[in-house]
Every structure is written in structure tokens, then in C-alpha cells.
Amino acid sequence: MKRFNEKVMNGDAEGIKDLIQEELDKGTAPQRIINEGLIAPMDEIGEKWKTGDMFMPEVIMAAQTMKAGLEVVKPILGENMETKGVILMGTVAGDLHDIGKNLVKMLLESAGYEVIDAGVDVSTETFMKEIEKQKPNIVGLSALLTTTMKSMEETVRAINEKYDDIHTIIGGAPVDQAFADKIGAKGYASDAGGAIEICDKLISA
Ligand code: B1M
């Protein structure tokens, strides 16, 4: 997967699409392509950014390259599955990071859920309006910044106050199970696989 790393690092969106197609043609599992070819380089980019070895425009280009790659893998992950439940998902107010959310969304869809994407920088008010409109079984909230954990808390508390029958799940780098417990979220997942597990558990409870 070294070639993936170079393509993501260099922001080569066309190159990554070709490389993914090549791997798919060879029979490489889509999940492996996502984990080793797309997520792993983003982790490295995060480190390089932190140490000043990469700058914002390069990070944005790498993120766009990863997104372009995800679009190629998406249709292969599974269609025509029966819907297990409806999940409303969004990145909380003040936060624009959406790569992780999109990945979780995609894998939840491939696991049989209908996922409605509320986008990024989603205020509590917008979440509440979307809940009224979409009537989801689960609301998934993503946050990547320590500063936006507060928005996540506000939204989860507002949902819990109004609804007994809607489960909230949270995820994203700065949050953990202890934070989920503190704010009253019904579930926490550290990655997309964990999100599927927790949704399956909540839906069948
Ligand atoms: Co930002 N950024 N960023 N950034 N960025 C981080 C998060 C940071 C850790 C970088 C660093 O300093 N090392 C840091 C946060 C520090 C902190 O608060 N603790 C940071 C910062 C500071 C910022 C800005 C404030 C920088 C600035 O402007 N000064 C700014 C904020 C903008 C805003 O949101 N208001 C900013 C901007 C950006 C870009 C626009 C350049 C770009 C985002 C592009 C986009 O998303 N469309 C960006 C990126 C790409 C990153 C890093 C490098 C990569 C994030 C990513 O996509 N990871 C990131 C460093 C890092 O994480 N290594 C960083 C890959 C993705 C697959 O992982 O999102 O963690 P992740 O998702 C995972 C899990 O967390 C989990 O599953 C996913 C799949 O495994 N998960 C869930 C996520 N959501 C879930 C929901 C669930 C369940 C699981 O259920 C609902």
C-alpha cells in the first residue's frame, strides 16, 4: 500500500482512482483499501501537519484525494440491502471535518442502514429540525476538535430531553466512552466498524 501513501500525500486524485481500480481488479478487499490505503496516510498527514512538515493547502489536497478514493470504493461496498434502520448523521456545530463522518456513513450504508447526511457545522437547531423531518432511529454525531465537543454535548442533551426513543451515538478523535457517558450519549465508537456494532446493538435492543 506504499503507492497509496504517495498518491494521497501528493494530492493526486486521478492517480488514487486508478490505483484503487487496479487493486479492486486484483481482488483486494474494499475494506483493506480503505483502512490501509486511505486512512493510514491521513494519520501520517496529521502527524506531519502537527510537526510543521506539511501545510494546510497540502492537507486539504490530501483530504480531497482521500474523498475521491472513497467515491470509487463506495459502490462496491454493497447495495440492494434491506434497511435495518434510519440514521441521521452530522458533524457538530463549529466543526468542518467530514472525512471520518463520510467514511462511517458509507460503511453504515454498506451494513444495511439508510443514512441521512446533515453535513458539517450542524447546529443543535438543525439537528432537531432534521429529526422532526426524517424520524431517525439513531442520530450519529461526529467531532474532530476539542473545541467542538461542547457543541456535541449541547446537541446530545437537547435530543435526550425531547426524545426517549432516539439513540444518540458519538465518535471522532477527541471523544471517548467516558465523554459519551458524561453527556448521556447511548453509544460511542472509535471507528466505522465500531459504529456498525453499536448501531446493531441499539437497533436490536
Ligand atoms: Co483539522 N485538525 N483542522 N483539518 N485535521 C485535526 C483534527 C487535528 C488533530 C490536527 C492536528 O493538530 N494534529 C487538529 C485538532 C486538534 C484538537 O482540537 N484536538 C485540527 C485542527 C486544529 C484544525 C483547524 C482548527 C486548523 C486551523 O484552521 N488552525 C481547522 C478547523 C476547521 C473547522 O473544523 N472549523 C482544521 C481544518 C482541517 C482541514 C479543512 C484542512 C481538513 C479537513 C478536511 C475535511 O474533513 N473535509 C483537516 C484535516 C484533514 C485534519 C486531519 C489531518 C485528518 C482528519 C481526518 O480526516 N482523518 C486531522 C489530524 C488527524 O486526525 N490525524 C486534523 C481521517 C479520518 C478517517 O479519521 O476523522 O478521526 P477521523 O474519523 C475516524 C474516527 O474518528 C471515527 O471513525 C472514523 C473512521 O475510522 N469517527 C466516528 C469519526 N466520526 C465518527 C462518528 C461516529 C463513530 C465514529 O458515530 C457517529
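This is a predicted model: local features need pLDDT of at least 70, side-chain atom pairs count only at pLDDT 80 or more; totals for chains, interfaces and linings use all residues.

Colleague: What makes I183 count as buried?

Modeller: The relative accessibility of I183 is 1%, and buried means under 20%, so I183 counts as buried.

Colleague: Which residues does I183 touch, leaving aside its neighbours within four places in sequence?

Modeller: With those neighbours set aside, I183 is in contact with M152, E153, V156, R157, N160 and I170. For V156 there is also a C-alpha separation, which is 6.9 Å from I183, although the two residues are 27 apart along the chain.

Colleague: How do you know whether T168 is buried or exposed?

Modeller: T168 belongs to strand β4, which runs over residues 167-171. Its relative accessible area is 0%, and with the limit for buried set at under 20%, T168 is therefore buried. Apart from neighbours within four places in sequence, T168 has contacts that include V139, L141, V156, I159 and N160, and also G184, A185, K186 and G187.

Colleague: What makes K150 exposed?

Modeller: K150 is placed in helix α7, residues 149-162, and its relative accessibility of 58% is set against a limit of over 50%, so K150 counts as exposed. The C-alpha atoms of K150 and I60 are separated by 25 Å, and these residues are 90 apart along the chain.

Colleague: Why does N10 count as exposed?

Modeller: N10 sits in the loop between α1 (2-9) and α2 (13-26), and because its relative accessibility is 59%, N10 counts as exposed. From the C-alpha atom of N10 to that of Q31, 21 residues away along the chain, the separation is 22 Å.

Colleague: Where is K135 found, and what is its phi?

Modeller: K135 is in the loop between α6 (124-134) and β3 (138-142), and its phi is near 50°, which is again a positive value in a residue other than glycine. With a relative accessible area of 57%, K135 is exposed.

Colleague: How do you know that H97 is a donor of the cobalt atom of the ligand?

Modeller: A donor is an N, O or S atom within 2.8 Å of this metal, and NE2 of H97 is at 2.2 Å, as the only protein donor of the cobalt atom. H97 lies in the loop between β1 (86-92) and α5 (99-110). Water is not among the atoms, so the site may look incomplete.

Colleague: Turning to the whole protein chain, how many helices and strands does it have?

Modeller: The protein chain has nine helices and five strands, and from the N terminus on their order is α-α-α-α-β-α-β-α-β-α-β-α-β-α.

Colleague: Why is the protein chain called as compact as a globular protein of its length?

Modeller: Its radius of gyration is 17 Å, close to the 17 Å that the globule rule gives for 205 residues, so the protein chain is as compact as a globular protein of that length. Along the principal axes, the C-alpha trace spans about 50 × 40 × 25 Å. Of the 205 residues, 47% count as buried, and among contacts between residues at least 6 apart in sequence, 71% join residues at least 24 apart.

Definitions and conventions: Residues are numbered from 1 along each chain as its sequence is written. Side-chain values use heavy atoms; hydrogens and water are left out. Helices (H or I, at least four residues) and strands (E, at least two) are DSSP runs, numbered from the N terminus. The radius of gyration is taken over C-alpha atoms; the globule rule is 2.2 Å times the number of residues to the power 0.38. Buried means under 20% relative accessible area, exposed over 50%, partly exposed in between (1.4 Å probe, protein chains only). Contact means heavy atoms within 4.5 Å. Donors are N, O and S atoms within 2.8 Å of the metal (3.2 Å for Na, K and Ca); water is not among the atoms, so sites may look incomplete.
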